[in-house]
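Keep the structure open as you read.

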Amino acid sequence: MNLAETITWKSSEPSKEPSKAISRTPVTKTCTCKCNGWKSQNPPPTPPQTDHQSNTVNLQEPCRSCSHTLGDHVTHLENVSEEEMNRLLGIVLDVEYLYTCVHKEEDADTKQVYFSLFKLLRKSILQMGKPMLEAQESPPFEKPSIEQGVNNFVQYKFSHLPSKERQTIMELAKMFLNQINYWQLETPSQRRQRVPNDDAAGYKANYTRWLCYCNVPQFCDSLPRYETTQIYGRTLLRSVFTVMRKQLLEQARQEKDKLPPEKRTLILTHFPKFLSMLEEEVYSNSSPIWSQEFLAGATGGQIPIHTGNTDLSDFLKAFISSFSGADHPVFVPVVGEKRKASEPLHHEENKRPRVVGDIPMDLVNEVMATITDPAAIPETSLLSAHSARDEAARLEERRGVIEFHVIGNSLNQKPNKRILMWLVGLQNVFSHQLPRMPKEYITRLVFDPKHKTLSLIKDGRVIGGICFRMFPSQGFTEIVFCAVTSNEQVKGYGTHLMNHLKEYHIKHEILNFLTYADEYAIGYFKKQGFSKDIKVPKAKYVGYIKDYEGATLMGCELNPSIPYTEFSVIIKKQKEIIKKLIERKQAQIRKVYPGLSCFKDGVRQIPIESIPGIRETGWKPVAKGKELKDPDQLYSTLKTILQHVKSHQNAWPFMEPVKKTEAPGYYQVIRFPMDLKTMSERLKSRYYTTRKLFMADMQRIFTNCREYNPPESEYYKCANLLEKFFYTKIKEAGLMEK
């Protein structure tokens with residue numbers, strides 16, 4: 001694509017097109033003379049100047065290159081202000097710099113842009129106007145911008161963190177945006193050599209705009225300058241992210257000794273993880289951070305609730321890694337950096353010990369790519385008989401038909417009219433659906449500042465909600481009212497409401513619900529995971545929650561690893577994963593073997609491995625490692641091994657759970673944490689009934705460490721050394737083949 005087709009150039013006043021030849025233009029003007037003597041390549045010799053001669057120029061003197069007087073060249077500047085003269089001289093300096101750039105630049109595309117800008121500025125001098133770029137599109141070129149997308153990413157992934165940890169993430173985001181603003185893009189020709197199948201025309205257009213609006217204005221003050229992160233969006237970021245990330249991390253490793261101690265951990269440990277998580281959102285077609293409707297924060301008294309599948313991919317990969325014939329499936333996070341499905345596993349990863357029950361990650365990525373590709377999934381009725389209860393509600397939420405907001409009354413803030421209207425609507429819904437409750441009592445609790453309500457809004461009006469009160473110091477929340485208006489029931493709204501409430505409380509680190517359910521509500525709460533088996537100690541809630549006569553106390557314990565609003569989608573995808581794995585295995589087994597005839601001859605029993613085709617199905621003989629059947633003997637053996645591991649000199653990083661203050665974002669990367677203290681508690685409670693359970697938890701410690709920390713870190717090395725020591729002790733105890 002020709003440059004002229006992308007951008008045209010004009011100054012603030014019309015004039016004739018200047019000469020096509022590259023000549024440096026002075027701040028002078030004449031109707032009949034095109035003299036360039038002021039900067040001639042071969043000027044006439046200047047007569048020697050005595051010490052007594054003044055430096056003041058006599059405008060009546062003749063020009064050194066033509067017969068005119070010097071005054072003829074500047075007659076049009078007699079009434080120009082000093083400020084305007086300085087502006088024009090500034091453009092002259094920019095013209096001189098671009099003149100040098102045109103002659104020094106070797107890349108044809110870049111040279112063409114420099115030359116076009118050179119002509120634009122020269123024309124502005126002749127016209128005494130301001131240089132203006134005119135293109136088919138003006139900044140910004142894409143919305144949301146890179147800056148807005150990164151801010152959305154921080155809000156989307158880290159909004160639940162305490163303020164101190166969140167500030168650390170904000171520093172990383174600012175560091176990343178600053179790097180982009182001063183990043184030197186590769187030329188279109190360089191990119192064609194590196195990525196031959198890329199959209200060359202689109203990249204060239206972005207590159208041309210970047211030169212004109214971002215790069216050249218950094219050294220040419222007469223041109224308007226824009227920040228790259230404010231006028232470009234995901235398209236440009238995708239084209240530079242991979243190369244930029246690689247170079248930034250390589251530079252950080254090379255200069256790690258020069259970094260100040262307080263910044264070393266931030267740049268060498270947290271920044272790589274920040275980039276890995278951001279990379280996933282940059283290249284994901286379903287990431288919500290690039291939506292212009294993304295709610296970047298709370299406004300007024302309402303708190304928006306994210307509905308994106310934040311942890312869906314990690315959760316499914318953990319599930320598929322655990323799918324095996326073992327008695328106890330082991331959830332194993334993906335090892336190493338996030339990769340696209342087409343990228344091979346690194347050699348180092350192939351050498352790591354595999355957890356029992358693992359499926360090769362190549363197969364994991366291949367199956368995940370298949371089930372997440374809409375073209376590969378057969379069309380089915382979205383609301384079939386086998387659909388989840390909340391599927392219809394989830395689809396309506398994605399289409400914007402319904403909204404969820406946590407709202408409450410406040411004595412400190414100015415009343416918000418819309419929130420007050422919603423609270424009145426909630427009071428009406430609860431009063432109609434809960435006729436046994438006194439209206440005055442409902443009104444008092446709904447408008448009580450200590451209570452909040454998760455409201456369900458449809459077409460601008462309230463159709464349901466859950467009123468609750470949080471007791472953070474006691475570690476639980478009491479659900480007071482829960483109802484959906486009668487004409488909107490049996491649509492899955494109740495289930496979706498409860499799932500949103502669960503995710504809201506996980507973000508606020510409250511993992512227990514308590515409620516008194518009447519005879520009509522017990523069934524609903526059972527479907528939402530409530531039971532009569534209360535996990536909260538009685539001393540924690542007695543005197544805090546309201547007691548209702550004739551009602552049943554029920555409780556629900558939340559799992560912070562589960563994205564509840566997407567949980568039914570996860571279950572559905574798990575079924576698809578299992579189906580795909582079975583289909584793949586069946587496709588590999590094409591040979592049909594004849595039936596066993598040995599039993600007709602009187603044989604009563606044969607070894608399993610002698611069955612024709614059994615090994616081709618993936619069956620393997622039971623490992624010869626010794627499985628201790630005596631529980632006390634197993635406990636004693638595992639206790640001895642664990643004591644040896646804890647006493648090892650490289651065990652210090654794994655003694656206790658990772659603290660959020662020391663590693664911001666750790667629990668967003670590591671979905672299944674484990675440490676030696678937790679293992680000791682599990683061993684004491686007799687959780688480890690087999691050696692496999694014990695070995696799986698220990699292996700998870702090492703796997704998590706290598707996933708979160710870079711290979712050159714001290715933690716990474718400790719994990720490798722301690723892992724080697726652990727398996728040595730396992731073999732010495734006879735729990736594994738030597």
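How many salt bridges does the structure hold? This is a predicted model, and it holds 20 salt bridges. Side chains of opposite charge can pair when their charged atoms come close. A few cases follow.

Start with Glu279 and Arg245. Their side chains meet in a salt bridge, with 3.9 Å from N to O. That value falls within the 4 Å cut-off. The pair links distant parts of the chain.

The side chain of Arg253 meets that of Glu712 in a salt bridge of 3.0 Å, N to O. Arg253 has 31% relative accessibility, so it counts as partly exposed. Glu712 counts as partly exposed too, because its relative accessibility is 30%.

Now go to helix H26 itself. Glu732 forms a salt bridge with Lys729, and the closest N and O atoms are 3.4 Å apart. These two residues are three residues apart in helix H26, so about one helical turn separates them. Lys729 counts as buried because its relative accessibility is 18%, and the cut-off for buried is under 20%.

Finish with a group. Lys458, Arg461, Glu488 and Lys491 are linked in a network of salt bridges.

How values were computed
Residues numbered from 1 in each chain as written. Predicted model: local features only at pLDDT ≥ 70, side-chain atom pairs only at ≥ 80, totals over all residues. Heavy atoms only, no water. Helix = DSSP H or I, 4+ residues; strand = E, 2+ residues; numbered from the N terminus. Buried < 20%, exposed > 50% of the residue type's maximum accessible area, 1.4 Å probe, protein only.
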